Amino acid sequence: MGERFVHPSAVVAAEAVVGEGTRIWHFCHVMAGARLGDEVVLGQNCFVAGRVTIGSGCRIQNNVSLYDGVILEEDVFVGPSVVFTNVKRPRARFPRRDAFAETRIGAGATLGANATIVCGVRVGRCAMVGAGAVVTSDVADHALVVGAPARPVGWVCRCGEALAPRAESRLEAGEGSSEDRTWGCSACGRRLRESDVGLTEIT
């Protein structure tokens, strides 16, 4: 694991927690209280508020502001100029600092360039949000969503490739004899089955 790197133009508060091997590039601002895991990359011109947690292995591209209440689990990819919010009905004259909503992005998820993530939602593990999408409700694990508002249009593997439907007998899995719809990845061979939160890998 490499050493931390902070570009001379960046401002990182002494009270921020910055993990090993993390790289913070030009014109970033990381506020006191922010927590960045190991091997995180902050691209140019990113802002990280004091009540933000960024898991290890996250990649945050240029021009992204992470406001109080945003939680990125491990290995999240945040594309250029993704927008996060933290208040649903903001008013300049009526600050609502006590009403910041938590927004959680699950491990391995991808947020495409210029996507907008409205506060208070959960984007599931390994989900993929298309470029320019506007996410106003929760996104299931492994779901691919596009549009404004974002709607599911398919499923994606942990490796990022599209999943294709396949039939698998529940009897093979020791769960009965009826047919169960599952999905498979032609790139890496993983198999997934529907669960309460989206798709779950079959071990």
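The model is predicted, so local features need pLDDT of at least 70, side-chain atom pairs count only at pLDDT 80 or more, and totals for chains, interfaces and linings use all residues. Residues are numbered from 1 along each chain as its sequence is written, and side-chain values use heavy atoms, with hydrogens and water left out.

**Exercise 1. The overall picture**

Find how many helices and strands the protein chain has.

Solution. Start with the secondary structure: there are 0 helices and 26 strands, where helices (H or I, at least four residues) and strands (E, at least two) are DSSP runs numbered from the N terminus. Next, take the box along the principal axes: the C-alpha atoms fill roughly 60 × 45 × 25 Å. Finally, check burial: of the 203 residues, 40% count as buried (under 20% relative accessible area; exposed is over 50% and partly exposed in between, with a 1.4 Å probe and protein chains only).

**Exercise 2. An aromatic pair**

Work out which kind of pair the rings of F47 and Y67 form.

Solution. The whole structure holds 3 aromatic pairs. Rings of Phe, Tyr and Trp (its six-membered ring) pair if their centres lie within 6.5 Å; planes under 30 degrees apart are stacked, over 60 edge-to-face, and the rest tilted. For F47 and Y67 the centres are 6.1 Å apart and the planes stand at 50 degrees, so this pair is tilted. Now place the partners: F47 is in strand 8 (residues 47–48) and Y67 in the loop between strand 11 (65–66) and strand 12 (70–72), so the pair ties together parts 20 residues apart in sequence.

**Exercise 3. The nonpolar cores**

Identify the residues with the most contacts inside the largest nonpolar core.

Solution. A nonpolar core is a set of buried Ala, Val, Leu, Ile, Met, Phe, Trp, Tyr and Cys residues joined through side-chain atoms within 4.5 Å. The largest has 40 residues, and L42, I54, L66, L72 and F84 have the most contacts inside it. Strand 12 and strand 21 (143–146) each give two or more residues to this core. A second, separate core of 6 residues includes C157, L163, W183 and L192.

**Exercise 4. An aspartate in a loop**

Decide whether D141 is buried or exposed.

Solution. First locate D141: its place is the loop between strand 20 (134–135) and strand 21. Its relative accessible area is 6%, so D141 is buried. Beyond four places in sequence, its contacts (heavy atoms within 4.5 Å) include R122, R125 and W155.
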